[in-house]
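The entries follow the order in which I checked things.

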Amino acid sequence: MGRGRAKAKQVKVARQLKYNSGGTDLERLRDELGVGDSVHEDDDADDLNDELADRYADYADDYGTGDDDDDRTSGRK
């Protein structure tokens with residue numbers, strides 16, 4: 001007989017979760033999860049990408065485009 005009461009409580013909780021906005025504090029959640037500001041992370045990522053692009057641009061200058069080497073290494077004539 002106690003099953004009906006337990007099921008009614010589960011239905012009530014499910015409806016509350018479904019229809020209530022919840023009022024989630026996203027800033028507090030971000031702090032609890034240890035996630036930093038995305039604005040600063042993007043700046044760091046851009047700096048790293050720029051550094052890598054500069055580094056590989058130097059290799060491209062040193063070794064050229066490699067178009068002449070492609071025909072000889074692939075075995076095509």
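Entry 1. Salt bridges.
I looked for salt bridges in this predicted model. I took a salt bridge to be a side-chain nitrogen of Lys or Arg within 4 Å of a carboxyl oxygen of Asp or Glu. The count came to three. I noted the background: side chains of opposite charge can pair when their charged atoms come close.

Entry 2. Arg 30 and Glu 27.
I looked up the salt bridge between Arg 30 and Glu 27 and found the closest N and O atoms 3.4 Å apart. Both residues lie in helix H2, which covers residues 26-33, and they are three residues apart, about one turn of the helix. I then asked how exposed Arg 30 is. Arg 30 is partly exposed, with a relative accessible area of 32%. Glu 27 is partly exposed too, at 48%.

Entry 3. Arg 28 and Glu 32.
Helix H2 holds this pair as well, with Arg 28 and Glu 32 four residues apart, about one turn of the helix. The closest N and O atoms of this salt bridge are 3.2 Å apart. Arg 28 has a relative accessible area of 54%, so I put it down as exposed. Glu 32 has 55% and also counts as exposed. The cut-off I needed here is that exposed means over 50%.

Entry 4. Arg 55 and Glu 51.
I moved on to helix H3, residues 38-63, where Arg 55 and Glu 51 sit four residues apart, about one turn of the helix. They form a salt bridge whose closest N and O atoms are 2.9 Å apart. Arg 55 is partly exposed at 42% relative accessible area, and Glu 51 is partly exposed at 42%.

Entry 5. Cover on H2.
How many of the eight residues of H2 are buried? The count is zero, and H2 is hardly covered. Just after H2, I noted that Gly 34 takes a positive phi of about 80 degrees.

Entry 6. Negative patch.
I searched the surface for charge and found a negative patch. Asp 43, Asp 44, Asp 46, Asp 47, Asp 50, Asp 54, Asp 58, Asp 61 and Asp 62 form it. Is Asp 61 buried or exposed? Its relative accessibility is 63%, so Asp 61 counts as exposed.

Entry 7. Nonpolar patch.
Which residues make the nonpolar surface patch? I listed Leu 48, Leu 52, Tyr 56, Tyr 59 and Tyr 63, with a patch area of about 600 Å². Tyr 59 was my check here: it lies in helix H3 and is partly exposed, with a relative accessible area of 43%.

Entry 8. The whole chain.
Last, I stepped back to the protein chain. It has four helices and zero strands, and along the sequence the pattern reads α-α-α-α. The accessible surface comes to about 7800 Å², of which 48% belongs to carbon and sulfur atoms. What share of the 77 residues counts as buried? I wrote down 0%.

How values were computed. Residues are numbered from 1 along each chain as its sequence is written. This is a predicted model: local features need pLDDT of at least 70, side-chain atom pairs count only at pLDDT 80 or more; totals for chains, interfaces and linings use all residues. Side-chain values use heavy atoms; hydrogens and water are left out. Helices (H or I, at least four residues) and strands (E, at least two) are DSSP runs, numbered from the N terminus. Buried means under 20% relative accessible area, exposed over 50%, partly exposed in between (1.4 Å probe, protein chains only). Patches are made of residues with over 30% relative accessible area and no salt bridge: like charges are joined within 9 Å, nonpolar side chains (Val, Leu, Ile, Met, Phe, Trp, Tyr) within 5 Å. Accessible areas come from the Shrake-Rupley method with a 1.4 Å probe; for residues, only the protein chains shown count as cover. Lys and Arg count as positive and Asp and Glu as negative; His and the chain ends are not counted. The place of a charge is taken as NZ of Lys, CZ of Arg, CG of Asp or CD of Glu.
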